Amino acid sequence: MPEQRQIPVALSSTSVYPLTVHDAFAVAQDLGYDGLEVMVTNNTTSQDPQALGELSERYGIPVLAVHAPTLLLTQQVWGSAWNKIERSVEMAAELGAEVVVAHPPFRWQNDYAESFAMGIRDLTASTGIRIAVENMYPWRVRGREAKAYLPHWNPIPLDYPDVTWDLSHAATAGMPSLDAVQALGGRLRHVHLTDGSGSNRDEHLLPGQGQQQADAVLEYLAGSGYEGAVVVEISTRRAKAVGEREQWLGECLRFARKHLDQPVPEPHSVQ
């Protein structure tokens, strides 16, 4: 009987913000993560495949995914919407990453939105890089939902072959993640491990601190034949004490390993 694949547990570079992607590689190595997801931002290193490759080799941490700069805050990075996707795919291929994470089109990106589903299919077919569209959440203005994404923030009923599921976004949208990952089946390509309380804010709490049943989601993935990675993507901006950020990220790694039925690393001690 073939040995069951161990699901890699990676760190998102956004989890060390406001530190840099260089710091993310160092933290991932220090704590024993299996890889890194690089968020392309205004930081020049995050946009440079050669610099990222050198960091990956230096720290022995592979880049498992590239997050395209499709956020509101990165609208000025890499120009047009399609250019953001295409350059992210090129960088992923150069770094040996198999997945590009992309947000769905905004409602004002009409032409891009109309061709998005077919365009990402064509890019995957021509490059082999999976473009996994991330679930988002409704924007609420004065208690009313504003239509921010086309065709929708929920990728489950849409014609996307590959999906990234983010537990914090699910909490903000009021969607149970366990039901969602089961519904996605083989379309689930990538998971952002985090949590949320269900408020209107995208909180990115530590897994287990919210209401998304992160433990049950991981246990389901471990027994379902899931072929992607689990990526810790939490907010550590409130970390103040020396070593507090690494402590939180170490807790997340132990949580993931435990519920994926993998060897659990010893708690990291800060000198």
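Is R257 buried or exposed, and what is its relative accessible area? R257 is buried, with a relative accessible area of 7%. Here buried means under 20% relative accessible area, exposed means over 50%, and partly exposed lies in between, with a 1.4 Å probe and protein chains only. The areas themselves come from the Shrake-Rupley method with a 1.4 Å probe, and for residues only the protein chains shown count as cover.

The model is predicted, so local features need pLDDT of at least 70 and side-chain atom pairs count only at pLDDT 80 or more, while totals for chains, interfaces and linings use all residues. Residues are numbered from 1 along each chain as its sequence is written, and side-chain values use heavy atoms, with hydrogens and water left out.

The side chain of R257 meets that of D34 in a salt bridge, at 2.9 Å from N to O. This pair links distant parts of the chain, since R257 is in helix α8 and D34 is in the loop between α1 (21-31) and β2, 223 residues apart. Helices (H or I, at least four residues) and strands (E, at least two) are DSSP runs, numbered from the N terminus. D34 counts as partly exposed, at 27% relative accessibility. A salt bridge is defined as a side-chain nitrogen of Lys or Arg within 4 Å of a carboxyl oxygen of Asp or Glu, and by this rule the count comes to four salt bridges.

Another of these contacts joins the side chains of D159 and R121, at 2.6 Å from N to O. D159 lies in the loop between β7 (144-146) and β8 (163-166) and R121 in helix α4 (residues 110-127), so the pair ties together parts that are 38 residues apart in sequence. R121 is partly exposed, with a relative accessible area of 32%.

The loop between β7 and β8 also holds D162, and because its partner R130 lies in strand β5 (residues 130-134), the pair ties together parts that are 32 residues apart in sequence. D162 is buried, with a relative accessible area of 0%, whereas R130 counts as partly exposed at 33% relative accessibility. R130, D162 and R189 are linked in a network of salt bridges.

Attention now turns to the strands. In a regular strand the side chains alternate between the two faces of the sheet. From strand β4 (residues 99-102), V99 and V101 point one way and V100 and A102 the other way, and all are buried. Strand β3 (residues 63-67) pairs with β4 in the parallel sense over three bridges, where pairing requires at least two bridges found by DSSP. V100 in β4 is the bridge partner of V66.

The surface carries patches of charge. Such patches are made of residues with over 30% relative accessible area and no salt bridge, like charges being joined within 9 Å. D48, E54, E57, E86, E90 and E94 gather in a negative patch. The elements giving two or more residues to this patch are α2 (49-59) and α3 (81-95), and α3 gives the most, with three residues. D48 is found in the loop between β2 (35-39) and α2, and counts as partly exposed at 32% relative accessibility.

A patch of positive charge on the surface gathers R201, R237, R238 and K240. R237 lies in the loop between β10 (229-232) and α8 (244-259), and counts as exposed at 57% relative accessibility.

Key. Patches are made of residues with over 30% relative accessible area and no salt bridge: like charges are joined within 9 Å, nonpolar side chains (Val, Leu, Ile, Met, Phe, Trp, Tyr) within 5 Å. Lys and Arg count as positive and Asp and Glu as negative; His and the chain ends are not counted. The place of a charge is taken as NZ of Lys, CZ of Arg, CG of Asp or CD of Glu.
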